[in-house]
Amino acid sequence: MIRASWLVACLMLLVSVSIDANAQKTLRGKVFAPVKMDGAGSGSDTETFDALPGASVFWKGGEIGAVTDAYGFFQIDVRRNLDTLRVSMVGYKTVDVLYRGESYLDVPLEQGVLLESADVVFEESTQSISLLNPLNMQQLSRKELCKAACCNLSEAFETNASVDASFTDAVTGTRQIHMLGLAGKYTQLLVDNLPGPRGLNVVQGMSFIPGPWIESIFISKGVGTVASGYESFTGQINVAHRNADSAEPFHLNLFLAGTGRMEFNHVSRHQVGRRWETVLMTHGEYGQRVNDRNGPDNDLDGKRDGDGFLDTPLKKDGVVRNEWRFIGDRGLRADIAFVGAEMVREGGMTGENPLWTASTNIRRAEANAKIGYVLPGKEGRSWGSQWTASNHRHIQRFGNRDYDGEQKTFRANVLRSGFLGSDDVEFSAGVSYLYDDFLERGTWGATPMESSPSSDTLMRTEHVPGAFLETTWKGNDRGMVVAGLRVDHHNLWGTIFTPRIHARWSATEQTSLKLVAGTGFRTPNVLMEELGAWASNRTWILDGPLEPEQGWNAGVNVTSKFKLFYRDADFALDGYWTEFQNRAVVDFDADAHEVRVYNLGNREARSITAQAELGWSVHRRWDMRLAYRFVHAVTERDGAEAAGTMLDPYVPRHRAFSQWSYSSKVNDRGANWTGDVTLQWVGPQRIPRPDVLLDSRPQSVLEDDFVVVNAQVSRVFSPGIDLYLGVENVLNFRQGNPILGWDLANTSDVSTFQENFDASLVYGPILGRMAYIGGRWTLGKADKGFR
Amino acid sequence: MGFLSISPIGRSIFRGVAFCIFFILGIAMTSVSSQAQKAELTFGVSGLCGMCESRIEAAFDQKGIVVADYNLETKQIHVVYKTKKWNKVGLHKLATGVGHDTDEYRASEESYANLHGCCKYREHKSCIESHPEDQ
């Protein structure tokens, strides 16, 4: 490590000496720390400044530097090619100051957490909610993600109460999320503030984002901001990758699960020249062990025989991401990333000449760039642009049905931010263009018995130019309002207006009230959004051209932070309402052998949720989180009468959640133990009833509730080396008989099997207890210069 | 909307309620166990930076100390402790033990010498205080 940094330093020295050595002028300045003092007795705060002697000041990427004198003053030669001044002092946050030609510069340093050779580290909360942000946004840090196996994004929400993750079917091992009682497709997923998994990639895309690549996840409930598009209804989840600021020089993660699943993840950061830094990430997943432990629910000794179907598919996945950061002259910044992914999954029946198998192959390539320019003068004024291009190909064969889908996407977004009149009103305005080309071919309309079914095709090309304006008003310490409007012109569906508003009012310093309201719009791609339906005998009936889904969402949230028995606690209460004007209704109830998709029309569909969450630091070593969530999600569908209810399937009305975390005292070598236990109670929910010949229960019966317990212990041996060991589903709850009609496969009556087989009726865990072990190895520290 | 009503789900509601009671009990027990005689004390401790704050708070990470919160701006520590295990002198000594002077006791030269360079508050303080008009 030291040798590497020497090498880099020498390289930088060589490069910079050869480029330009003409000292033109001198920059003077002062480094100080603002200190707030309570005005004794008067009650008012006054700010004073402590000069910081001994702080180091140098040009980023250059060889010259200076140290502040006893009064905090410094003097440094200005170089033509260098525009970023890095000021650092042990015990303070390092800052990078953009130099725009001043002759004198004041550099305030905040007392900070980044400590060189530090022997003590601040304890940071791993799940946090800001009282000031008008968006009800929860941040999950990397530490929080380390509390569970969290191999990829679809599994990252196990320790979170707001987002549910469940399997789509019993064959492919695919998980999808739910937020505010609605499927993940109504939540806009962003990756580094750019559009993330969407379109044909909306469900599977989450497994292309490995947990160890993630720096933090921002979950905001309710419609998002207009700057990132019109697609969010129930929420916005932004995943921040580890980048040039947050990645350590080298990080390696290895993972092995009891099911034979192996994973390899790596993140490394490299300085390439003075202006370029790059982060390389790789991910590999391999699981070829045959697991068949679930099956009929009739054994008394708790052991179950297999059902002849793989519990988890055989998989071979690989994802590579390479991001480049460019820091240019006078405020030019660029982040350019390339992503390539391939996924191969084989599932279905085991043995020779299996009757039914499922195979999936996904190939994806993506390139994106963010190029920005910070305007000279006052802070907060900038130009920015975002560019994304991707090609996604999804090929699958489920039984006798094929699917081959391809999506080509291009998106450009140029935005300008600054102030409107006074400093109290910030604005962000921009224009965007979205191109989406979908081509889906396959035999989804075939009945299970057809040996050479005729082919179906769906084609759609969307061109959507648009413009948006978002203003943020913060004229008052107590309140803040973000109001946005975007207007898009869709080549197929006309003009779309998307108004959205977020507001925050602080009742007290520790309690804030947030409101959100706005509309959402999205075009459905049901074949890929309802992946689970492929794992069944159901024939797809796409009724008429599907119109875009439109709806509004409104919500209210109260968050309060307080002391409970002398220790920090927070409490949040929220309620959200999502109402659809149109929805692509996916109806499993109308017929047990069909999945019907049709427009909602003038019928009703809505979801109402309420959630209460309490977090408390019980003890120096113990933290606790307790949450309860209620969902009422209904859709007036054709099959509602037959099912005896309008309730959406697979949405439990009640869910309670509790997490306990322990962290031992950190010893002199930086070693400690941590432990986490998560308990989840998932209330009764309904699944679409299969054929009456196979299932004698009345239509409106709900499935049993269940409890899932996950536990993990990890040991940090020294900073940078840790090992973790965990068990998922400790109580070994498994949904009984997840694959309907499995027993018919062994009879000679092949057609009865093919006409009744259904692996999509999955509401609970299908894997039993699973142990896993993993390790992390980190070299060096992150370079969090830019904040 | 008559078909919105669902068949009785008493058993599962029972389980849900049991789940909640389990946790409320847990919280109640924690609070009962912390009913022992407690006292609060606030006193001055010298410190300069975030590193000092962490060090001081780590020193107060002891059995019988419920909360120890050091405020760098006011240079005061607020401690909630069990009177059975701790007294005022003991608490002051926790700070001096890791090299930080309190408003009543002075840390030994050895423990002060162990402080990180940037945390040498005795030198830094005099340096800043001698030129207050510069700030």
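Trainee: Which residue is the bridge partner of A:R629 in β38(A)?
Mentor: This is a predicted model. Strand β37 (residues 622–635) of chain A pairs with strand β38 (residues 654–663) of chain A in the antiparallel sense. Within β38(A), A:R629 has as its bridge partner A:R655.

Trainee: Which residue in β39(A) does A:Q659 stand opposite?
Mentor: Strand β39 of chain A covers residues 672–682 and runs antiparallel to β38(A), with nine bridges joining them. In β39(A), the residue opposite A:Q659 is A:T678.

Trainee: What arc do the buried residues of α3(B) fall within?
Mentor: Helix α3 of chain B spans residues 88–97, and its buried residues are B:L91, B:H92, B:L94 and B:A95. Viewed down the helix axis, they line one face of α3(B), because they fall within an arc of 145 degrees.

Trainee: Which exposed residues does the face of α3(B) turned away from its buried side carry?
Mentor: The buried residues of α3(B) pack against β1 (38–44), α2 (50–59) and β3 (76–82) of chain B. On the face turned away from that buried side, the exposed residues are B:V89 and B:G97.

Trainee: Which residue just after α3(B) takes a positive phi?
Mentor: Helix α3(B) is made up of residues 88–97. Just after this helix, a positive phi of about 95 degrees is taken by B:G99.

Note on methods
Residues are numbered from 1 along each chain as its sequence is written. Chains are lettered from A and ligands numbered from 1 in the order in which they are written. This is a predicted model: local features need pLDDT of at least 70, side-chain atom pairs count only at pLDDT 80 or more; totals for chains, interfaces and linings use all residues. Two strands pair if DSSP finds at least two bridges between them. Helices (H or I, at least four residues) and strands (E, at least two) are DSSP runs, numbered from the N terminus. A residue is buried if 20 or more other C-beta atoms lie within 10 Å of its own, exposed if 12 or fewer, and partly exposed in between; C-beta atoms are placed from the backbone. The arc is that of the directions from the helix axis to the C-beta atoms. Two residues are in contact if their C-beta atoms, placed from the backbone, lie within 7 Å.
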